[in-house]
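Q: I would like to learn how to read side-chain contacts and metal sites in a model. Can we go through one together?

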Amino acid sequence: MNRAQENRDDKVSLVEMGPRDGLQNEAATLSLVQRLELIARLAESGLQRIEVGAFVSPKKVPQMADSAALFDALPRKVATRYGALVPNLQGLQAAIAARADEIGLFTACSDGFTRANIGISVEESLVRFAPLVQEARSLGIKVRGYLSTVIACPFDGPTRPKRVAAMAERLLDLGCHEISLGDTIGVGTPGTVAPMLDAVLHEIPAGRLAVHFHDTYGQGLANLLPALERGIRTIDSSVAGLGGCPYAPGASGNVASEEVVYLLHGLGMSTGVDLDKLAATGQWVSEQLGRPNGSRVGRALHANAERLRTRLCQPSPHSSPH
Ligand code: HMG
Ligand code: MG
């Protein structure tokens, strides 16, 4: 491997899920102004791909209502790509009108979850998506394919690795530029994630794959290691570990972005993300939502910053009293 290749291999791209996958499953709903500030702060910390919202039924996911107004108010930066989740033609039309840089279509390996989530079977979802991908691509909008339940389905049980590989291939054939492999309910361990990845990588190059691990059982970070070892360099994560999927009972948020950045920097890999700024954003959004910060790295950095602030605020023993 020459040096240029080495450098490229060390660069990891994070796709920030907090404003969408995160907020969609929080009990408190943030105002438009708060959502906007969250996205601006995330972009300011160096994240270049941010999933901003979802054009789904507001009756199903009220937290994502007003995504159109949100897109309208976003500060557009050349370096930042804003994505939107889209379930159908109505959602695609809204995403086009909102000038989304990227859309994410979503289906799963299992019918049980797909029916609960979007009301149709997996096969029906692929039929629905085919013209949507063509339409988006003809307008120069990139299409990401989310593939859920790659380890197990909350309704149908464990998923076979070969099923994941076949489904990922079909999404790629539809014209998706990237497939995000979702352990939707966060039950995987490296013991189940590695064979799943091996099966998919048999059909699809690592450069077209992303991993999307929910952290329900605390395995999210561990599960990233087999993905990194196999050359996958796109990781979905959520600031402060926000969220989950409202149609996957018991699932918690994605692996926290702060944890992912800390791990990657510790491995000598680059992300382009300023960890202190990201952690401050995680603390800020947790306070806005009135919930504990779900990132351990975020909590540790916040505690350090507080200790430093308290020390700086204390009068110095050399300062003379007046
Ligand atoms: P439906 O009820 O079957 O749709 O929902 P419908 O076509 O019969 O329409 C019913 C109503 O919904 C109508 O309104 C439509 O206008 C409206 P009404 O006449 O009753 O007032 N509607 C819409 N409104 C806004 N935007 C739209 C839209 N489409 C219809 N795009 C539908 C079907 C797919 C819309 C619904 O089931 C839905 O919105 N599901 C989305 C569920 C969702 O957002 N789940 C979470 C995201 S997926 C996830 O988190 C997993 C992921 O992170 C990966 C992983 O972790 O594995 C991606
Ligand atoms: Mg998810």
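Q: Is glutamate 37 buried, partly exposed or exposed?
A: Buried means under 20% relative accessible area, exposed over 50%, and partly exposed in between (1.4 Å probe, protein chains only). Glutamate 37, at 35% relative accessibility, counts as partly exposed. Before going on: this is a predicted model, where local features need pLDDT of at least 70 and side-chain atom pairs pLDDT 80 or more, while totals for chains, interfaces and linings use all residues. Residues are numbered from 1 along each chain as its sequence is written, chains are lettered from A and ligands numbered from 1 in the order in which they are written, and side-chain values use heavy atoms, leaving out hydrogens and water.

Q: Which side chain does glutamate 37 meet in a salt bridge?
A: A salt bridge is a side-chain nitrogen of Lys or Arg within 4 Å of a carboxyl oxygen of Asp or Glu. Here glutamate 37 meets arginine 41, at 3.1 Å from N to O. Both lie in helix H3 (residues 32–44), four residues apart, about one turn of the helix. Helices (H or I, at least four residues) and strands (E, at least two) are DSSP runs, numbered from the N terminus. Arginine 41 is partly exposed as well, at 27%.

Q: Which parts does the salt bridge between glutamate 44 and lysine 277 tie together?
A: The two side chains meet at 3.1 Å, N to O. Glutamate 44 lies in helix H3 and lysine 277 in helix H12 (residues 275–289), so this pair ties together parts 233 residues apart in sequence.

Q: How many salt bridges are there in the whole structure?
A: The search finds 14. Arg49, Arg81, Glu102, Arg144, Glu178 and Asp236 are linked in a network of them.

Q: What are the protein donors of the magnesium ion (ligand 2)?
A: Donors are N, O and S atoms within 2.8 Å of the metal (3.2 Å for Na, K and Ca); water is not among the atoms, so sites may look incomplete. For this ion they are Asp21 (OD), His212 (NE2) and His214 (NE2), at 2.1 to 2.3 Å. Aspartate 21 and histidine 214 are both buried.
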